[in-house]
Amino acid sequence: MEGNSMGILSNFITLDPTNMLFLLFVGFVGGLVSGFIGSGGAFVLTPGMMSIGVPGTIAVASNMCHKFPKAMVGAYKRWKYGQVDIKLGLIMAISAILGVQVGIQIQEAILKTWGNAGSNLYVSTMFIIVLTIVGTYVFKDAVNMAKSKNTKEESTALAKRIQSINIPPMIYFDKIGAKISFWVTFPIGFCTGLLAATIAVGGFIGVPGMIYILGATSTVGTATELVIAFVMGLVGSVKWAMNGMIDIRLTLIILAGSLIGVQIGAAATTFVKPYLIKFVMGFIMLLVAGSRILAVPQYLSELNIIHLEKQALSALDQTSFMIMSLTLLAGAIIIVFSMVRGKREFRRTSAIAQVKIND
């Protein structure tokens, strides 16, 4: 395969039937998670592709390319449920585009300096840091909500203080029900784009930012994130494609699986309690972070920073893959089971209400 402008000769893996089936399954679960928690599901897809040998930069670029059509489908679906704040999504998307451009420049610089091993180490390290911090916070919040049995979300104290800041231009957001300064939304959107270009998961900043800083509910935050993901995914894909970093085969396979999953995940949000969305988000984040930690020694060895026996590196790699696969399976089961149970409760409640009306 010919090299590209970045001097990379071996970016594209050989696809056999086993890899294709795995990617299809990863795409389905990624779409399922994306529709459910609105973070794009990329935190499942990028490590999933890297676990079968796809270089980190190619995984990020191909992931971002598949993301915008899937996000468009998910956003439309959630908009029909009345969950999307279009104005908030578009304003944050504009600042996210700037973040994407900066993030791609950083990725290119690392790739040129340290090659694929350096890029893989950078992507995995960022995953571990972000997933551990955000996942722990979100999981803890979900557990507290479940213990208090409070199914109604309220704005955090931080969000209330942020909403009291009056620095023009002030913008009113319908779904939040408050005016918020543009200079508050801008850094959240910028960091969302920066992270998306780094690990293809901007939603880890965008969704918690909208919930805990701006004061959106988890339902509105996860739905609006899909609008941001669509816009910055489209722009970022054009930029990555100009550098020859998108493997269209990977993009099409994971897209096929995720387009089915995203509709099921989006439908599930109408039947589950808000804390369950946070629980699933935190659960998957922490396990994927654990999977990436086990992959780091391989990249350090390739950079000659540490020296480990091949058997030890192979064992760590296989364990990382197993954790990733089990996490995907567990996440899919939790979402589907919650949707089925929520539907059953909804029908039972509707039937009781109908009987009371008839009486």
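In the predicted model, I165 is in contact (heavy atoms within 4.5 Å) with M170 and S181, leaving aside its neighbours within four places in sequence. I165 lies in the loop between α5 and β1; helices (H or I, at least four residues) and strands (E, at least two) are DSSP runs, numbered from the N terminus. With a relative accessible area of 31%, I165 is partly exposed, where buried means under 20% relative accessible area, exposed over 50%, and partly exposed in between (1.4 Å probe, protein chains only). The C-alpha atoms of I165 and G99 are separated by 24 Å, and these residues are 66 places apart along the chain. P169 is also found in the loop between α5 (157-163) and β1 (170-173). A cis peptide bond, with omega of about -5°, joins P168 and P169.

Residues are numbered from 1 along each chain as its sequence is written. Because the model is predicted, local features need pLDDT of at least 70 and side-chain atom pairs count only at pLDDT 80 or more, while totals for chains, interfaces and linings use all residues; side-chain values use heavy atoms, with hydrogens and water left out.

Helix α3 (residues 56-80) has 25 residues, which should span 36 Å at 1.5 Å a residue, and the distance of 35 Å between its end C-alpha atoms agrees with this. The expected span of a helix is 1.5 Å times one less than its number of residues. Within α3, a kink of about 35° lies at K67, shortly before the proline P69; the bend at a residue is the angle between axes fitted to the seven residues ending there and the seven starting there. Of the 25 residues of α3, 18 are buried, and the helix is therefore mostly covered. G82 follows α3 and has a positive phi, near 75°.

The structure holds one salt bridge, defined as a side-chain nitrogen of Lys or Arg within 4 Å of a carboxyl oxygen of Asp or Glu. This salt bridge is formed by the side chains of R249 and D247, at 2.8 Å from N to O.

The axes of helix α4 (residues 86-148) and helix α7 (residues 203-214) come within 2 Å and cross at roughly 30°. Axes are lines fitted to C-alpha atoms, for helices over the stretch in contact, and angles run from 0 to 180 degrees between N-to-C directions. Angles under 35 degrees count as roughly parallel, over 145 as roughly antiparallel, 65 to 115 as roughly perpendicular and the rest as oblique; α4 and α7 are therefore roughly parallel to each other. On the side of α4, the contact is made by L88, M92, V130, L131, V134, Y137, V138 and D141, and on the side of α7 by F204, P208, M210, Y212 and L214.

Two of these residues, L88 and M210, are also touched by T224, together with Q83, V84, D85 and G89, not counting residues up to four places away in sequence. T224 is placed in helix α8 (residues 218-242) and counts as buried, at 0% relative accessibility. G35, in helix α1 (residues 17-37), is likewise buried, with a relative accessible area of 0%. From C-alpha to C-alpha, G35 and I133 are 22 Å apart in space, and 98 residues apart in sequence.

The loop between α10 (274-302) and α11 (310-358) contains H307, which is exposed with a relative accessible area of 68%. The C-alpha atoms of H307 and R341 are separated by 50 Å, although the two residues are 34 apart along the chain. N304 is placed in the loop between α10 and α11 and counts as exposed at 57% relative accessibility. Phi of N304 is near 60°, a positive value in a residue other than glycine.

In helix α11 is found M339, which counts as buried at 13% relative accessibility. Leaving aside neighbours within four places in sequence, M339 is in contact with I264, A267, A268, F271 and V272. M339 and G265 are 74 residues apart in sequence and 8.5 Å apart in space, C-alpha to C-alpha.
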